Amino acid sequence: MASPETEVTEPWLLENGTVKRLTRPNHGPSRTAHNMSSSSLRKKSDMPLISKLPFSFIRNFIASIHEVILGTKLSFLFLAVPIAVAAHCLRLSQPWIFSMSLLGLIPLAERVSFLTEQISFYTGATVGGLLNSTCGNATELIIAIFALLQHKIDVVKYSLMGSILSNLLLVLGSSLLCGGLANISTDQRFNRKQSDVNISLLLLALLCNTMPLLYKHAAAYDQNPAADVSNTAKATLYLSRACSIVMLLAYFAYLAFQLWTHNVIFEPQEEEVEDNLDTSNDESPVIGLWGGIIWLTGMTAVIALLSEYLVDTIEAASISWGMPLSFISIILLPIVGNASEHAGAIIFAFKNKLDITLGVALGSATQIAVFVVPLSVIFAWIINIDMDLDFSLLETGSLSLGILVTAFILHDGTSHYLKGVVLLLCYIVIGASFFITDLPFDNNDTSAGPQSSKPADI
């Protein structure tokens, strides 16, 4: 009879100071698509010298650093973190601080995914799934919070909308293109049930984001002379808050659907992944529970610090680089900030594992649309900042077309490289629109500056 527990062969990774082996029940937490995507960027641990160190405390400490800091192929980017801190302390060029902070967020986002997976081994499938769902887009949420604290509502709106578009058009498009070219002799297939659930939630989020804009324009054409701008702004704000509550309720229903009632739909087939990917480090915990919590807290604090630098310097970077603020927030921030997650999605598309790719791209876009965006509105409400869901006409139109194009692309459950090309070209057109919209083509027109078309702050 098979043993009910699976033995781990790394005794030096324990935290209690004694040399013994970890065990984990076979009914450990199921791995999400985000976990598998991050796994593609991890390096296999090989620490024979560490296991021979005489003191268990030193052995555990060095092993923990090795797993967390050096356990990713992006570990060299951690050098950007102290450089960003030093540049801030020395008051160097703000665009330089912005660049280093942006690069430093790349490995930190991937490590947060790794640490949440490690903690989920001890908390079980349900708590682990909730933790992964909550921390899946922690970077975007932290950036949004710091931008709100500085009353930069336009940066919040731009960055969150850009993250949705990036996942739907850039990540999914690149994945379908690469996967189609790697499997050009046949169409790739995926589970439509998962994509249909995410698309329906994205359409709900689109409705909630569109209604405040429609209401504002309808009120502008109202023939009632008693109507004034302030009343319309207040009504738009109240409608946005109500829509945000609705989206949060939808997100909680989505969590119940994903983690309990229909969790089979969202579980990637791990046996298929193991044929092409070494998952030895993902089958069992390599960091203790308290070590994972401490590291996760520390990583979150560093992300918060770099996010503060990012928000402080984004306008200076926009002026220095000659790029509109909207373009940097919508295009550049999401591309660099989620680079590790995006790379993993493309790798699995290469290996004909589109269910995992869709879980990363659509799952991340859904979480931002129905969780991070409404949560930002509620948080702004709590701190007495008037943030609404009016993303202005160009932004809302881009989001609408991006979601609709993605829905049509995925409707038949098959994929080939041409679908990826279409999504990428849509992303290029949207990016070009935001790049040229804020450019001051007429130097004599002071109203055409970089800030002229940003969403109006109420």
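Of the contacts in the protein with a separation of 6 or more, 82% are accounted for by residues 24 or more positions apart, where a contact means heavy atoms within 4.5 Å. The model is a predicted one, in which local features need pLDDT of at least 70 and side-chain atom pairs count only at pLDDT 80 or more, whereas totals for chains, interfaces and linings use all residues. Residues are numbered from 1 along each chain as its sequence is written, and side-chain values use heavy atoms, with hydrogens and water left out.

**Overall view**

Display the whole protein as a cartoon: there are 16 helices and four strands. Both are DSSP runs numbered from the N terminus, helices being H or I with at least four residues and strands E with at least two. Buried residues make up 53% of the 458 residues (buried is under 20% relative accessible area, exposed over 50%, partly exposed in between, with a 1.4 Å probe and protein chains only).

**Aromatic pairs**

The structure holds five aromatic pairs. Rings of Phe, Tyr and Trp (its six-membered ring) pair if their centres lie within 6.5 Å; planes under 30 degrees apart count as stacked, over 60 as edge-to-face and the rest as tilted.

Select Phe98 and Trp321 for one of these pairs. Their ring centres are 5.5 Å apart and their planes stand at 70°, so the pair is edge-to-face. Distant parts of the chain are linked here: Phe98 belongs to helix α4 (residues 94-123) and Trp321 to helix α11 (residues 289-321), 223 residues apart. Phe98 counts as buried because its relative accessibility is 0%, whereas Trp321, at 33%, counts as partly exposed.

Tyr251 is buried at 2% relative accessibility, while Phe252 is partly exposed at 49%.

**Charges over rings**

Select Arg111 and Phe114: the charged end of Arg111 sits over the ring of Phe114, 4.3 Å from its centre. Lys157 lies over the face of Phe391, at 5.8 Å from the ring centre. The criterion is that NZ of Lys or CZ of Arg is within 6 Å of the ring centre and within 35 degrees of the ring normal.

Centre on Asn352, in the loop between α13 (339-350) and α14 (354-382). Although not a glycine, Asn352 has a positive phi of about 65°, and at 36% relative accessibility it counts as partly exposed. Then go to Ser392 in helix α15 (residues 392-409). Ser392 is likewise not a glycine and has a positive phi of about 70°; its relative accessible area of 18% makes it buried.
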